[in-house]
Amino acid sequence: MDDNKISILMPVYNVEKYVDEAIESILNQTYKNFELIIVDDCSKDETYQHIKRYAEIDERIKIYKNEENLKICKRQYGAKMKNRMKQI
């Protein structure tokens, strides 16, 4: 097995309906030497409770919760779109 540990960053905001599937998808990868860093951007729904449950059962998951919404999900999407436009 490869010894290189990777970090996966997952910003989340009000995604309680989808976050379990997203986390499970990462956990079910064949490559296991990773840490999953989940940043809850002050969700108003039950997103944080979902990610907290996963962090309690898998030590590779680290969670953080912003005290106010910093719009990190929107910024990440905007940066991704900008980078795609440069590649074309």
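Analyst: Two strands count as paired if DSSP finds at least two bridges between them. Keep that rule in mind for this predicted model.

User: What makes β1 and β2 a pair?

Analyst: Seven bridges join β1 to β2. The rule asks for at least two, so the strands pair. They run parallel. One example is Ile8, whose bridge partner in β2 is Leu36.

User: What is the strand order in the open sheet?

Analyst: The order is β1-β2-β3, and the pairing is parallel.

User: Why are β1 and β3 called edge strands?

Analyst: Each of them pairs on one side only. From one strand to the next, the twist averages 20 degrees.

User: Which strands does α1 touch as it packs on the sheet?

Analyst: α1 touches β1, β2 and β3. Its direction makes about 175 degrees with that of β1.

User: Which residues make up the largest nonpolar core?

Analyst: This core has twelve residues, including Met10, Val19, Phe34, Ile51 and Ile61. To belong, a residue must be buried, of a listed type, and joined to the set through side-chain atoms within 4.5 Å. Two or more residues come from each of β1, α1, β2 and α2. α1 gives the most, with four.

User: What does Ile61 touch?

Analyst: Leaving out residues up to four places away in sequence, Ile61 touches Ile23, Leu27, Leu36, Ile38, Tyr54 and Ala55.

User: Why is the link between Arg53 and Asp20 called a salt bridge?

Analyst: The N to O distance is 3.5 Å. The cut-off is 4 Å, so the pair qualifies. Arg53 sits in helix α2 and Asp20 in helix α1, 33 residues apart.

User: Are Arg53 and Asp20 buried, or are they partly exposed?

Analyst: Arg53 has a relative accessible area of 42%. Asp20 has 22%.

User: Why is Asp40 called buried, and why is Lys65 called partly exposed?

Analyst: Asp40 is at 0% relative accessibility. Buried means under 20%, so Asp40 is buried. Lys65 is at 38%, so it counts as partly exposed.

User: What makes Arg60 and Asp58 a salt bridge?

Analyst: Their closest N and O atoms are 2.8 Å apart. The limit is 4 Å, so this pair counts too. Arg60 is partly exposed at 21%, whereas Asp58 is buried at 14%. The cut-off of 20% lies between these two values, so the labels differ.

User: How many salt bridges does this rule give?

Analyst: The count comes to three.

User: What share of the protein is buried?

Analyst: Of its 88 residues, 27% count as buried. The protein exposes about 6600 Å², and carbon and sulfur atoms supply 51% of that.

Methods
Residues numbered from 1 in each chain as written. Predicted model: local features only at pLDDT ≥ 70, side-chain atom pairs only at ≥ 80, totals over all residues. Heavy atoms only, no water. Buried < 20%, exposed > 50% of the residue type's maximum accessible area, 1.4 Å probe, protein only. Contact = heavy atoms within 4.5 Å. Axes fitted to C-alpha atoms, helices over the stretch in contact; angles between N-to-C directions. Areas by Shrake-Rupley, 256 points an atom, 1.4 Å probe, with all protein chains shown as cover. Salt bridge = Lys/Arg side-chain N within 4 Å of Asp/Glu carboxyl O.
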